[in-house]
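Dear colleague,

Please find the structure below, with its sequence. My findings follow directly after it, and I would be grateful if you could read them with the model open.

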Amino acid sequence: MARVYISTVISAPADRVWSVIRDFNALPDWTPFVADSRIEEGLPSDKIGCVRAFRLTDGGFIRERLLALSDYDYSFSYAILESPMGVDNYVSTLKLIPITDGDKTFAEWSAEFECAPGREDELVEHIGRNVFLGGLMSLKSKMGG
Amino acid sequence: MVSVQRSTIIDAPINAVWDILRDFNGHDRWHPAVRRSALDGGKRTDQVSAIRNFELVEGQRLREQLLSMSDEEYSFRYAIVDSEIPLLNYVAEVSLKPVTDGNRTFWSWKSQFDTPKGQEAELAELVAEGVYTAGFEAVRGRLGDPKSSSRSFMTSAYETSKSSAPELPGKAIQIDRYGGPEELHIVNIIAKAPCPKEVRLRQTAIGVNYIDVYCRSGYFDLLKPPAVPGMEGVGVVEAIGAEVRHLSVGQRVGYACPPVGAYASVRTMPAELVIPIPENIDDRTAAAGLLKGMTAEFLLHRVHQVKKGDFVLVYAPAGGVGRILCQWANHLGAVVIGATSNEEKARIARSSGVHHVILPGARSLEGQVMEITRGHGADVIYDAVGKDSFDHSVAALATCGHLVSFGQASGDIGMRDISSLASKSATISRPNFGHYTDTPEKLAAITTRLFDAILRHIISIEVDQQYPLSQAAEAHRALEARETTGSTVLIPDDIQKGI
């Protein structure tokens, strides 16, 4: 089982950051690598079990199922159903925690998955740097730092 | 049910923060609200179910039990089991998370509890600001996070302490006139609230130096009776002035400098004289070693820069400063010659890094130095003997040698004719501790190198005598009777009881 964990500090209140990322269908709004996204079967994007299908800017196609969403904890979890990355049993959580000192936000994005032997380091590096850190940096700049 | 949550970012790696927090019984070492912490018998500090007994700075007592602790999750939970503050059913959680983007730490501290009716807001504020936010700030200060000095709630913490304790009572040793050790007597004192550039300390250990004897007897006029002697102390910051930027409440600090006034359990003094003490150096070692170690630092690195291969002559190599000079000069690669008076001291000198010991005998000191150095002489001589040694020192110098005269244990050097120095192009220095330590920048540079030398075991500070503060007279008597070895410290009587 491989693990990825990336965290950062966003200079905006957790409520505001959450309002941007809470929409499971909103990846194109705040990440640099998603070209378009839709929710299958016309379900609401906060219905547990809904599936988002999105295309990456490099052409890759990914489907992910929403496993959990908590407005109380500012967090959601999802599993990959289909992707070009070659990962199995991939479950990821994105969570915000308020920093009361300065009214900022601590954001952490983590995942656990399985993959072919020998590809673990490469995938941890790719997901950590290009997906999670890249996504959080883009979110930070969207929130004004 | 009241819920309180506070969180912050500390500019230090998670392991550095966790090292401080995970010691469940160590919170008195950093939290400004906690004066003392002790575990119920038989349990370890990281043992789940351990109970710590807190005595707060404001006097209340409470008992808290460790409910869970996880090194993997960087978190622990605890409950109040007994308290003089009405926090009921109180359960709190401390947890850390790494900020991977920048190697910093997210720290959350939260709790839920009940209170007597009507006290919810007041107690929530006490827990949130007085406990959690003040704790964040103290740990930030301990870890040297520069953000700590500019926080607005430092000012409010200061104002709180000012309003709650404008005057802090304590004990001190005073003299009413110059004289013998019997003039040292205990008095009740008040440490006033700090002015904007001052700091108020609860002292835990006080260094005794021979200069204190000179001050008491009136040989030096650094002290004008009635007054409190002493130039060296270590303690915890109890309150700080609004303009103080380099210290925070709860921090362990020390100082070694005039003005006199160190023989006291509490002290208000200029903050710029006070420096933080590293975690790995205990209070007694710091109190015993600051003044002597700082002296050795500037003698070896600033008055003269000792190099590899230099012949260095040190008088009194078994004494307080002498021992540190020899250890450090040896480490710098010098050939160290120690001039002492008997075999017992010669043994101590050798164990302190002296390569060649000179004892009084048929041959003169300069004759023995010339033999050891094969006619070269000493490149630098550290001479605190004064009157009796001065001429021998000049004779033992190498060409272009440097005589550093920094004391007069045998009496004033008196008038000397400097024309004879031309025969060797000799240099003489007469350094004064004050001139090498009179700015925060100089202090920081000297103490940084000193603490590094202590932590790397280049030098060792031996605390061989310890007295309660109330027995300072006995400490002086022993020092003057030459019954002591290494360093002597005084411990305020209330701290002494706690040890």
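Helix 2 (residues 120-142) of chain B lies across strand 1 and strand 7 of chain B, and runs at about 20 degrees to strand 1 of chain B. Angles here run from 0 to 180 degrees between N-to-C directions, and axes are lines fitted to C-alpha atoms, for helices over the stretch in contact. Helices (H or I, at least four residues) and strands (E, at least two) are DSSP runs, numbered from the N terminus.

This is a predicted model, in which local features need pLDDT of at least 70 and side-chain atom pairs count only at pLDDT 80 or more, while totals for chains, interfaces and linings use all residues. Residues are numbered from 1 along each chain as its sequence is written, and chains are lettered from A and ligands numbered from 1 in the order in which they are written.

The sheet of chain B

Seven strands of chain B form an open sheet in the order 1-7-6-5-4-3-2, with antiparallel pairing. Two strands pair if DSSP finds at least two bridges between them. Strand 1 (2-10) and strand 2 (34-39) of chain B are the edge strands, each pairing on one side only. From one strand to the next, the twist averages 20 degrees. Within this sheet, strand 4 (residues 61-70) and strand 5 (residues 75-83) of chain B run antiparallel and are joined by eight bridges. S68(B) has R77(B), in strand 5 of chain B, as its bridge partner. Helix 1 (residues 14-21) of chain B also packs on the sheet, where it touches strand 1, strand 6 (88-99) and strand 7 (104-114) of chain B. The direction of helix 1 makes about 155 degrees with that of strand 6 of chain B. Touching, like every contact in this message, is judged by C-beta atoms, placed from the backbone, that lie within 7 Å.

Helix pairs in chain B

Two packed helices are described by the angle between their axes and the distance between the axes. For helix 5 (residues 283-303) and helix 6 (residues 320-331) of chain B, the axes come within 9 Å and cross at roughly 45 degrees. Helix 5 and helix 6 of chain B are therefore oblique to each other; angles under 35 degrees count as roughly parallel, over 145 as roughly antiparallel, 65 to 115 as roughly perpendicular and the rest as oblique. On the helix 5 side, K292(B), G293(B), T295(B), A296(B), L299(B) and L300(B) meet G320(B), V321(B), I324(B), L325(B), W328(B) and A329(B) of helix 6. This contact divides into eight nonpolar, three polar and one charged residue. Ala, Val, Leu, Ile, Met, Phe, Trp, Tyr, Cys and Pro count as nonpolar, Asp, Glu, Lys and Arg as charged, and the others, Gly among them, as polar.

Helix 4 (residues 210-217) and helix 12 (residues 472-480) of chain B pack at an angle of about 110 degrees, with their axes 10 Å apart. These two helices of chain B are therefore roughly perpendicular to each other. Y210(B), V213(B) and R216(B) of helix 4 meet H476(B), L479(B) and E480(B) of helix 12, a contact of three nonpolar, one polar and two charged residues.

Two residues of chain B

V404(B) lies in strand 19 (residues 397-405) of chain B. With 20 C-beta neighbours inside 10 Å, V404(B) counts as buried; a residue is buried if 20 or more other C-beta atoms lie within 10 Å of its own, exposed if 12 or fewer, and partly exposed in between. Leaving aside residues up to four places away in sequence, V404(B) touches several residues, including L299(B), V303(B), I381(B) and P431(B). The C-alpha atoms of V404(B) and I381(B) are separated by 5.8 Å, although the two are 23 residues apart along the chain.

P259(B) lies in the loop between strand 12 (252-256) and strand 13 (266-270) of chain B. With 14 C-beta neighbours inside 10 Å, P259(B) counts as partly exposed.

The two chains

Chain B has 13 helices and 22 strands, and 44% of its 499 residues are buried. Chain A has three helices and seven strands, and 28% of its 145 residues count as buried.

Between the chains, 13 residues of chain A are in contact with 13 residues of chain B. On the side of chain A that touches chain B, strand 1 of chain A gives the most, with five residues. The residues of that side divide into eight nonpolar, three polar and two charged.

With kind regards

Technical notes:
Contact = placed C-beta atoms within 7 Å.
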